[in-house]
Amino acid sequence: MEPLKRLQADYPWTKSPLVSCGPMRLIALADLAVEVSRAGGLGFVGAGNDASVLEKEFERVKQLQAGAQVLREVKEVLPIGVGFLLWAGDNLLNEALPIVAQYVPAAVWLFAPNDVDQFTQWTREIRRATNKKTKIWIQIGTVAEAVEVTKSCQPDVLVVQGQDAGGHGLMDGAGLVPLLPEVDDAVSSLSKGNKPVIIAAGGIMEGRGAAAALALGAAGWTMGTRYLFSHEANIAKGYRDAVVKASDGGVNTARGKLYDTLRGTRDWPERFGGRGVINETWQDAKDGMSVEDNQRLYDEALAKGDDGWAPGSARLTTYAGAGVGLANSVKSAARITEEVREDAKRALKQASNWA
Ligand SMILES: Cc1cc2nc3c(=O)[nH]c(=O)nc-3n(C[C@H](O)[C@H](O)[C@H](O)COP(=O)(O)O)c2cc1C
């Protein structure tokens, strides 16, 4: 089945092209995910490496679904997805599986395993637990990974994450412009009849970037950073203000492992790092400050709450992508979803003047 028909069949409340929000760990929760779905997209809850939030968030999804006319009729699945970080290991799978089986989210998003066997194991177990009702989305960042995952898991969706993405991604990788078409070619030659649907992620903030992703061969796109500019993102005011203020993300954001060290999230596999806005913590480390001194200052900043992001002395983690300068106001996640989708169509029409 061609990608647009498949997406329509699997997520019948959605509009085309498919807009989704990345499962940002403990930032994208039920309120954000349902707003995205309510606007004809697919919202993801970010469970990350911990299943303990799941039941509460899924119950909240059901409650919000009941109040959203377009989602009320969706019966077979919960009209959202949920994302997991696979490096957390078997405990996470064992805890998540019965809850996923009970609530049947429309999709599960898998990312960052220790090795490819974890992708295979999760895919098999989730498909078994939900009788394939829950679709498998796998986020990858290289052509080799895309090929390996397509062969071993035959995912429903491959999320192709380019280097501009906010939050965690591969330390080494390409931007979407070279990456996505090469992935598309590689998986097309592999998987004839059941090629995974390709969704783009990384640096897409507004209609023009989204239109470019479609021109590269994607059937839709995922945004993380753009939804940090939404009322529903579960972030501190200081964090939100810092992303609103940031611009020129190519030089004012960077990817690395420093914040995982300082925040104590050190279990990420070596090949991943987090992209965030450069601030005093980053600058001091670059200028040679020891991890101990930086940690002390970080902990002091943490105790200050929102002031830990104060302009001029900001030290706290501000994960955001290279596209952070492309938005400057906070809106509802539903409005963002609708606007970017409509602007993308407009940008495509305009670009077709060249054809
Ligand atoms: C603050 C933040 C947290 C994120 N957390 C996760 C996560 O927990 N799991 C995951 O699979 N992806 C996570 N991502 C990455 C997104 O899935 C997606 O690849 C990325 O946001 C796309 O790039 P963009 O930020 O430029 O839109 C996160 C992104 C951001 C900005």
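The ligand sits in the largest pocket. A pocket here is an open set of points on a 1 Å grid over the protein atoms alone, with protein on both sides within 12 Å along at least five of seven lines.

A word on the source. This is a predicted model, where local features need pLDDT of at least 70, side-chain atom pairs count only at pLDDT 80 or more, and totals for chains, interfaces and linings use all residues. Residues are numbered from 1 along each chain as its sequence is written, and side-chain values use heavy atoms, with hydrogens and water left out.

Next, polar contacts, meaning pairs of N or O atoms within 3.5 Å. Which backbones reach ligand oxygens? G203 does, with a backbone N or O atom at 2.7 Å. For R25, a polar backbone atom is 3.0 Å from a ligand oxygen. The protein covers 96% of the 590 Å² of accessible area that the ligand has on its own (Shrake-Rupley method, 1.4 Å probe).

Last, salt bridges: a side-chain nitrogen of Lys or Arg within 4 Å of a carboxyl oxygen of Asp or Glu. The count is 16. One pairs R60 with D31, N to O at 2.8 Å. It links distant parts of the chain, 29 residues apart: R60 is in helix α3 (residues 54-66), D31 in helix α2 (residues 30-38). Helices are DSSP runs of H or I, at least four residues, numbered from the N terminus.

Definitions and conventions:
Polar contact = N/O pair within 3.5 Å; in protein donor to acceptor, adjacent residues only side chain to side chain. 1 Å grid on protein atoms, 1.4 Å probe; cavity = no way out; pocket = protein on both sides within 12 Å on 5 of 7 lines; lining within 4 Å. Sits in = over half its atoms within 2 Å of the grid points. Helix = DSSP H or I, 4+ residues; strand = E, 2+ residues; numbered from the N terminus.
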